Every structure is written in C-alpha cells, then in structure tokens.
Amino acid sequence: MRTRLISARSGPLLAGLLLALSAPALVVAAPQASAATGTAAVAEALKKGPVYVDPRVGAQLPPAAADALAEKIEDAGKPVFVAVLPAAAEFPQDKVLAAVRAETGITGLYAIRLGDGFRAAADRTVMPGYAVQNLSEAVKTGGPVDATTQLNTFVDQALGQAKGSAPASWGTTGAGEGAPVGGLIALGAVALVGGGGAYALVRRNRKKKEEARHEAVARLGVVVDEDITAFGEELERLDFHPGEPGADDAMRKDYEHGLDSYEKAKQIMASVQRPEEVKGVTQALEDGRYALASLDARRQGRPVPERRAPCFFDPRHGPSTEEAAWAPPAGAARTVPVCAADAVRLRDGLDPAVRTVDTELGPRPYYDAGPAYGPWAGGYFGGGMLPGLLMGTMLGSMMAGPAYASDFGGAGSGFEGGDVSGADFNPSDFGGGDFGGGGGFDGGGGW
C-alpha cells in the first residue's frame, strides 16, 4: 500500500529521511516556508504531485480527500493536475490557468477550483478542447457542489480520456504544497522505499511509452523505405537526361524538383526519432511525385496535370485522376481520389489495388492497421482531407476520438502528456472550450 508521507513544502526534509534510516523513530513533518507565492507556488507543488490545496481553503478539500484524489491520479499514471485555490487577487480568474500551466511547464490536463467556481484546460496532445469543455460543464451542471465531489467526478471521467503519462517529477511528494496531507512521517526507510517505488512506476511508464514510440517508428520505417524505393524506381523509369533532345527548362525544373524531393525524403527518414516526423517524408514524396507526373506529361506533349491528392488506395500510384465512390467493409460509401487504374477496377466491380502493411494479424490495408500509420498517411493527404476519407475504418475511428492529436501527430509540438515543454507553450494549443488566447475564462458558463 502506498504511504503518502510529505507535502510539497516538506521538500527540505528529504535529507532528514536519509538520516532516519539509522534511527527507527517517527519524524514529525514541520511545515517549511517557501519563497514562491501565488501561481508560482502552485506550479512548484504540482511539479511534485498532482493535487495542490491552498491552506486558506483547506476545508474545501480536506487532507484525507486530497490524499485519496492524488493517489487515484498517480495510480492511473496520467498527467492530470488539480488545484484548489481561494478567490484572491494573486489568482485572477482570467489568467490563473494559463499562468499555472506556463510556470509548471508540463503538458497535461489542469483543473482549478477557484473559490466556488471551476475551470479546466488541457494541451491538445492530452485532450482536445471540446472534450475538456464537455467534462467541465458536466461537473458544473445542477448548481453548487462540494469540492470533493466535483473534483473526484471530474478526475474519474478525465483519467479515462487523458493521453500521456505522469511526469517524471512525481513520486517524491504527496498531494500538493497546501495544508500538510499527513501530520506524521513514517520511518525514513519506509519513506525511501515508497518514494522509490513510485519513481520506479513512473520510469516504467516512461519506458513503455518510449518502447511503443520506437516500435511505431520501426513499423513506419519499413513502409516509408518501400515508398522511397518506389520513387527512386520511378525516377529511373523516366530515364530523363537534362541535355536530351527536346528537353526544355520546364522539364529540367520538374526533374530537379523530383530529385530534390527524393533526397529530402531520405534525409528526413534518416533522422526520424518520433512517429509524427514521418509526415515530412511522405509530404516530400507526394510533392516529388507530382513533379515527375508533370515531367512525364511535358515529354509526352500532354497538358500538365492539375495538382491533385495521391491515389487513396496507394499513394505510390501517383496523383489521382478522378474521384470515385468507395465503401470500406461494413462502412458507408464516400468519395475518394483514385488513380486511373483503380478507377477502372472500381467501375468493373473489382477490388482496388490497396496498399497493405504488416500487422500482428497479417497484412492489412493501411487504414485498418492502427494509429501508427496516421503520420504516414497524413503526409500524403494533408489539409484536413484524410479524416473524412477514413470514416468507417479503424484509423478513421481512432482519429475521431480524443487521442487523435497525439496518435496522428497532429498537435505539431512533439510533446506528449507529461512531457516538460517549458513555459513557452502555445496558448492556442492549451484550452477547454472557450478557454484560450492566453488564458481567458469568458464564455462556457464562467466559473
């Protein structure tokens, strides 16, 4: 059983715990003064534990309730932060949430009970704004409610939706820097064992996340290498020489563009560390394939094709030539961009030549192979096109949920829940409904 031993303001006592290893006596936790005040004090505490209670409103969330709430969050291993604050001048309601997030510097879901009001906001990699707003409104419906009930209801729902892992800085303290959660500290040896166990749990969570990331990159690497190879073969098939008879500057420019895209794709892939970075590779290949299609048309004396999305069924087929109706198994029909060959197959009642990838269940169409292939597909079908194309498929259903931003690499920051992003985060990526623009609380029902 986890023993919650010290409050955030007891940080200096850690040295004393080491001495307690040789002295089997109970140590009383003496409150320590902190130089930090206002939102800085809140942030300092939340770096060390998921729950902070300001001493002035300690009756709202008593120590035992705060302790249980913190343990619930830590057991789930999610980056959810909760603070109970007084409606005081140092906590202006239009800025407090963004200020706490900035000073904590950790991506996550932040909920604040300010006086009798409540608000929450999250980084988009953790939970999209609409989901935060829905959760917030749900716990505010029905009039005033006590802090213990409200915060537990919010956390219970949030833990099932929040993405990411608990920050590595947790595991050494209890529930915040407010009123001490426990009056007595157990034996120093027990404290160190408990703290070490919590830290080990966080490290295991981090390790699992890194392993999943490496596995996703490895799977994507196989597919992308095939794409790069196919592009190189297309370059060879064209067999274009800048000095050949009939070559003009437009052809040479297309060819140079294709070569540049080829080299760019290889360079990006060589340095990929995170799944979302693969999007840059397939963007380069999509751009290069259009250049090669333009070159081929010029050499054949045909009009340069319009810039269209790649063939939905396999981007290696090149730019699409038309739109066609298609429905995945047990799914609704929708219009997708297709190449000429797949358009003919569909008209003849045949299956299109779909790109398959290896999975644990054997070869599967890329759109039914899981979220790892989201960044790969996103580079080919940017501009918001892909979610609509994928309705009714496995990847499409995953992209439609709260996990879309992080699974698909759509957030753009590269930071996941629980990561330290620093204070220079983009406020537009941190919100909950009407919350945004640097921390405003207008709209959404207020506090």
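# Exercises on a predicted protein chain

The protein chain exposes about 19,700 Å², and carbon and sulfur atoms supply 56% of this area. The model is predicted.

**Exercise 1.** Describe the overall make-up of the protein chain: its helices and strands, its buried share and the sequence range of its contacts.

*Solution.* 
1. The chain contains 14 helices and 11 strands.
2. Of its 447 residues, 48% are buried.
3. Taking contacts between residues at least 6 apart in sequence, 70% join residues at least 24 apart.

**Exercise 2.** Identify the residues that touch the most other members of the largest nonpolar core, then list the contacts of L85 beyond four places in sequence.

*Solution.* 
1. The largest nonpolar core has 49 residues.
2. Within this core, V51, L61, L85, L109, M127 and F154 touch the most other members.
3. With residues up to four places away in sequence set aside, L85 touches V42, Y52, D54, V57, F91, V96, I112, R113, L114 and G115.
4. A separate second core, of 45 residues, includes M251, A309, V336 and A377.

**Exercise 3.** Characterise the second largest pocket by its volume, its lining and the classes of its lining residues.

*Solution.* 
1. The volume of this pocket is about 460 Å³.
2. Its lining comprises 23 residues, of which E234, A293, H317, G318 and P319 lie nearest the centre.
3. The elements giving two or more residues to the lining are α7 (188-238), α9 (278-300) and α10 (340-347).
4. The largest share, 5 residues, comes from α9.
5. By class, the lining holds 10 nonpolar, 4 polar and 9 charged residues.

**Exercise 4.** Locate Q133 in the secondary structure and explain why Q133 is classed as partly exposed.

*Solution.* 
1. Q133 belongs to helix α5, residues 129-140.
2. The relative accessible area of Q133 is 25%.
3. Buried means under 20% and exposed over 50%, with partly exposed in between.
4. Q133 is therefore partly exposed, because its value of 25% lies between these limits.
5. Q133 and A120 are 13 residues apart along the chain, and their C-alpha atoms are separated by 7.6 Å.

Technical notes: Residues are numbered from 1 along each chain as its sequence is written. This is a predicted model: local features need pLDDT of at least 70, side-chain atom pairs count only at pLDDT 80 or more; totals for chains, interfaces and linings use all residues. Side-chain values use heavy atoms; hydrogens and water are left out. A nonpolar core is a set of buried Ala, Val, Leu, Ile, Met, Phe, Trp, Tyr and Cys residues joined through side-chain atoms within 4.5 Å. Buried means under 20% relative accessible area, exposed over 50%, partly exposed in between (1.4 Å probe, protein chains only). Contact means heavy atoms within 4.5 Å. On a 1 Å grid over the protein atoms alone, a cavity is a set of points where a 1.4 Å probe fits but cannot get out, and a pocket is an open set with protein on both sides within 12 Å along at least five of seven lines; lining residues have an atom within 4 Å of a point. Grid points are joined across faces, edges and corners, and a volume is the space filled by probe spheres set on the points. Helices (H or I, at least four residues) and strands (E, at least two) are DSSP runs, numbered from the N terminus. Ala, Val, Leu, Ile, Met, Phe, Trp, Tyr, Cys and Pro count as nonpolar, Asp, Glu, Lys and Arg as charged, and the others, Gly among them, as polar. Accessible areas come from the Shrake-Rupley method with a 1.4 Å probe; for residues, only the protein chains shown count as cover.
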